[in-house]
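These notes are meant to be read with the structure open.

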Protein chains: 2
Amino acid sequence: MRVSQLLNPTLREVPAEAEVISHQLMVRAGLIRKSASGFYTYLPLGLRVLRKIEAIVREEMDAKGGQEVLMPIMQPAELWKESGRWEVYGDELFRLKDRHNREFCLGPTHEEIITDLVRNEVRSYKQLPLLLYQIQNKYRDERRPRFGLMRGREFVMKDLYSFDRDEAGLGESYKKMYDAYCRIFSRCGLAYRAVEADAGAIGGTGGTHEFMVLADSGENAVVYCPECNYAANVEKAECRPQVIEDVSPEGQHKLVSTPNVKTIEELSEFLVEPKTALVKSLLYQGDEKLFLVLLRGDRELNEIKLNNALGGFVSLQLASPEAVSTILGCAPGSVGPIEVPAGLLVIADEEVPLMKKAVCGANKADYHFVDTVPSRDFRIDKILDLRMMEPGEACLKCGVPLKEARGIEVGQVFKLGTKYSKALGATFLDLNGEEKFCVMGCYGVGVSRSIAATIEQNHDDNGIIWPMPIAPYQCIVVPVSTKDALVVETADKLYLELKRLGVEVVLDDRDERAGVKFKDADLVGYPIRVTIGSKTLANGQVELRERKTGETKLVLVEEVAGQVKTIIEKALKY
Amino acid sequence: MRVSQLLNPTLREVPAEAEVISHQLMVRAGLIRKSASGFYTYLPLGLRVLRKIEAIVREEMDAKGGQEVLMPIMQPAELWKESGRWEVYGDELFRLKDRHNREFCLGPTHEEIITDLVRNEVRSYKQLPLLLYQIQNKYRDERRPRFGLMRGREFVMKDLYSFDRDEAGLGESYKKMYDAYCRIFSRCGLAYRAVEADAGAIGGTGGTHEFMVLADSGENAVVYCPECNYAANVEKAECRPQVIEDVSPEGQHKLVSTPNVKTIEELSEFLVEPKTALVKSLLYQGDEKLFLVLLRGDRELNEIKLNNALGGFVSLQLASPEAVSTILGCAPGSVGPIEVPAGLLVIADEEVPLMKKAVCGANKADYHFVDTVPSRDFRIDKILDLRMMEPGEACLKCGVPLKEARGIEVGQVFKLGTKYSKALGATFLDLNGEEKFCVMGCYGVGVSRSIAATIEQNHDDNGIIWPMPIAPYQCIVVPVSTKDALVVETADKLYLELKRLGVEVVLDDRDERAGVKFKDADLVGYPIRVTIGSKTLANGQVELRERKTGETKLVLVEEVAGQVKTIIEKALKY
């Protein structure tokens, strides 16, 4: 491709609305343009990256026995009503009606459609396992679309659904997909981690992993063990309770005056006690139900763990000051676990009963109890792991201090079990002629989001640094002058030679200054730049530069194509 | 691929709701499944065909300098309001609102989005011409979705938009696309015709051609000249007026009683006059305007010609009996052109003023005028070509009798001119620094419809007969027995050898009777079948059969893969 003919409008300025670097660079490098909030057009170079990721995903799905299908984007409401999701999905679902007033939605995911297909087509265990996937636009009406392709309303996903005879089969399918995902992100040239994660709203309880591209700008916090292979989303990370050396008081707990002390920080300061000696008491409301949550004073509550442990509320939040006042007769800052109403469920993090001595709220303004012994003085109904993991804590598996990283979620693998097959009646006859429900898994890759994640991880001040396997083109040939006939001719020849060798190459034949061409080449992020200038050409040489390292060397004209080819082949090897 | 693992549910019975053969066969051969009226899932084999057609389209677009982009499916209403189409598009447009109550539609076409892109990115004539295309789902809320992929509500199209500096540039882009379309349909192995067509609702007046796959079941009638290259949709076909030898009456026309005569047939019979001696008079209503249309009695009115000639009404139809009565004081069956109100526009088909003598209505029940001379007795305000072409008429270009065929529209090329660039303000600075509007064209291929059209044209009683270039797989290897170890082993080896040679091959390794396998192979329509049976294998031979011709021959095992490869290469050559 000649750059003069390529629709690749680059920008020097940072677009005002682009908050994150990947969004800025995708617009500046001419990869995408916005058509409405959360909706983008892929320009030629952006689409090439998308297609390359799709191709890698497709190869790896096929290698595991995946069969590609293509389901409708518009889905009839009936199926969503059958699965029960029509009512609960909420505002993120784009809904519409046809001319006959029938309800549809634009698919954010395709469990209903694929389960409907399988219930109609699968009769016998002989037809299982079945791994069906598609690569397609998905829709989610985000309250606040932002970050370009990172959180759009129309985005490209690969979604695969596995149908197995039993849990063991699901385990195998899950393993296949887990392995395929590792290959996909490795092949894309990304640094990533597969982390244990929370199943969230999609349901299923059999386990799930998220694939995180590591980048400082990531929305997710991840902890990982540098020693063993353990890694988890902090939302999910299991904690090992920490024991604080201390001595229990012999006498009863005492009420002490703590005027105007409301927060844990103020309490710690007022009583000159470390936060590890305090108990944090939080009255929570899950849907209609209230309960008291206890944590050590230095810990943060992990609401996702709390919600999972209690069976999953649609809404879970701190109880209102009014509710606190009604139940405990005090303000939220004074809540404590002693002498609470008999019907109020008290849930403690594992660390609380291990505390030898603790200060806690007294359900009375300006007072606290000191010298309590939680295991002696508190009524605790449930003991659970409820806190947020902190970096530096010991790995639950091997004891080594964990590290923290930020990650962008680009994939997730899920064990769904029989949730959808039961709701829609997707059954098969097993070896003994008995009717069984298909055991399902679902597995997503955010294809368009992977582009953004790649850029978050691979850029510098000058622009994007594409990993070779997903670069829009592998090489750019830049004649520094359009006046010097030999330079122009050499560039042309080299361009054609590289094409012949199968290199994906563009020729910057624009009548622009060399500086402009270099800036654009760096911005777009072509992995290899070959520069042809009059001076070096006098010695029969051109300049070969790798974007990633910035390394530059002079190479004989007749050798450069071969060297480019070698660099590419090495970079594509997996 | 092994058939035992392939999701390819074939059916023996014809599905009740499938009216046309392509729909029946696509369901029976396990290519698609319906998810809702007008919405389909492509199963693995159906998707392979779709992808093959897409690949051919993509290659031909790229070869003409087309640049692939990907635009959003969901389009903001604002752009459609700017172009003026939001109000006029009607019920076929799927409309929806987001959570903030902003209006969107699902794109049936992308003129607005692409023109918006170009107005933002193109500044100079140096950036033109620009040929931008995408291959993507389109949406049309058909009143009555039917015929499977032929008339669905969600379908795959390739749409290319050309932007040129002037009409001459548009002419070149149009020619490029016309040529590319010829190559596409030829490469797909289809018998087709490019026909002159009507521009319809999409607008633009510069000319348009439709690409029709010829098939008896086609919804469109096409006339073509067997001598020169003229071909046209009958809607568009220009007619040469036919002169009937006759003698004009010398005296005035006379009123004659024609009791109970209402139709042309009845009139011809009652007066013992050929229909060619009668004049048909029709009062028409275009939007709010009324006018009288005259045709020779044996002719049919072509409403599309009429509407185009009058500048394009949103609604054009026969006036109601009430309107006829109000204007002409009679019933529709008595309408005639003599002594009509001065304000009523009278439009005659070219043949009418050439009639030497004519019978016509008298605007009075049970009477007609005879011995009229249209050129003498009728007030005619406009003379136009208004009639439907009939097969057997002389070609306007070379005089040879035209033939008629039925066609399925699979592509259309359009000269849009400046309709959208003016509405949205897509301008550029020309060589002299003057601001000009981009001159546009648009060019569509119905990718998913092409699958159905191919089947309509290529099938027999046993199933589909795929042209090699778009067959889901090129070859099927069928071991007739799963008990005979040598048969099984030979089939397996052959399957692997064919794969090694790059042949797209499936192995029917199912434990089924040979008859079932043969029936499925014919139904799905694999172009080549290699059958391995115990008897012939005793002589070292297998059977090679071509689906299209039904020709069967015995070939030595060691030679068959080479022969398969040769047949395929020959069939793919273009």
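1. In this predicted model, strand β21(A) and strand β24 of chain A, residues 439-446, run antiparallel and are joined by six bridges. One pair to look for is G417(A), which stands opposite M440(A) in β24(A).

2. Strand β21 of chain A spans residues 403-417 and also pairs with strand β10, residues 208-214, of chain A. That pairing is antiparallel and covers seven bridges. Within it, V213(A) has I408(A) of β21(A) as its bridge partner.

3. A further partner of β21(A) is strand β11 of chain A, residues 220-224, again in the antiparallel sense, over five bridges. Here V222(A) stands opposite A405(A) in β21(A).

4. Chain A has 16 helices and 31 strands. Its C-alpha atoms fill a box of roughly 95 × 65 × 50 Å along the principal axes. Chain A has 574 residues, and 56% of them count as buried. The accessible surface of chain A is about 23600 Å², and carbon and sulfur atoms account for 49% of that surface.

5. How much of the contact in chain A joins residues at least 24 apart in sequence? Among contacts between residues at least 6 apart, the share is 69%.

6. Next, a helix in chain B. Helix α9(B) covers residues 321-328, and A323(B), V324(B) and L328(B) in it are buried. Seen down the helix axis, the buried residues of α9(B) fall within an arc of 100°, so they line one face of the helix. The buried residues of α9(B) pack against β14 of chain B, residues 279-286. On the face turned away from the buried side, E322(B) and T326(B) are exposed. After α9(B) comes G329(B), with a positive phi near 70°.

7. Some backbone details deserve a check. Most residues other than glycine have a negative phi, and most peptide bonds are trans. The peptide bond from L128(A) to P129(A) is cis, with omega near 0°. P129(A) is in the loop between α5 (111-121) and β7 (130-139) of chain A. In chain B, the bond joining L128(B) and P129(B) is cis as well, with omega about 0°, and P129(B) lies in the loop between α5 (111-121) and β7 (130-139) of chain B.

8. Which value of phi does N363(A) have, positive or negative? Phi of N363(A) is positive, near 55°, in a residue other than glycine. N363(A) is in the loop between β18 (358-361) and β19 (367-372) of chain A. Buried means under 20% relative accessible area; N363(A) has 12%, so N363(A) is buried. D371(A) is not a glycine either, and its phi is positive, about 60°. D371(A) lies in strand β19 of chain A.

9. Finally, how are the two copies related? Chain B is superposed on chain A by a rotation of 180° with 0.0 Å of shift along the axis, at an RMSD of 0.1 Å. The two copies are therefore related as by a two-fold rotation axis. In chain B, the C-alpha nearest this axis belongs to L96(B), at 2.6 Å. Both copies use the same surface, as 100% of the contact residues of chain B recur in chain A.

Definitions and conventions: Residues are numbered from 1 along each chain as its sequence is written. Chains are lettered from A and ligands numbered from 1 in the order in which they are written. This is a predicted model: local features need pLDDT of at least 70, side-chain atom pairs count only at pLDDT 80 or more; totals for chains, interfaces and linings use all residues. Side-chain values use heavy atoms; hydrogens and water are left out. Copies are superposed by least squares on the C-alpha atoms of residues with pLDDT of at least 70 in both. Contact means heavy atoms within 4.5 Å. Two strands pair if DSSP finds at least two bridges between them. Helices (H or I, at least four residues) and strands (E, at least two) are DSSP runs, numbered from the N terminus. Buried means under 20% relative accessible area, exposed over 50%, partly exposed in between (1.4 Å probe, protein chains only). The arc is that of the directions from the helix axis to the C-beta atoms. Accessible areas come from the Shrake-Rupley method with a 1.4 Å probe; for residues, only the protein chains shown count as cover.
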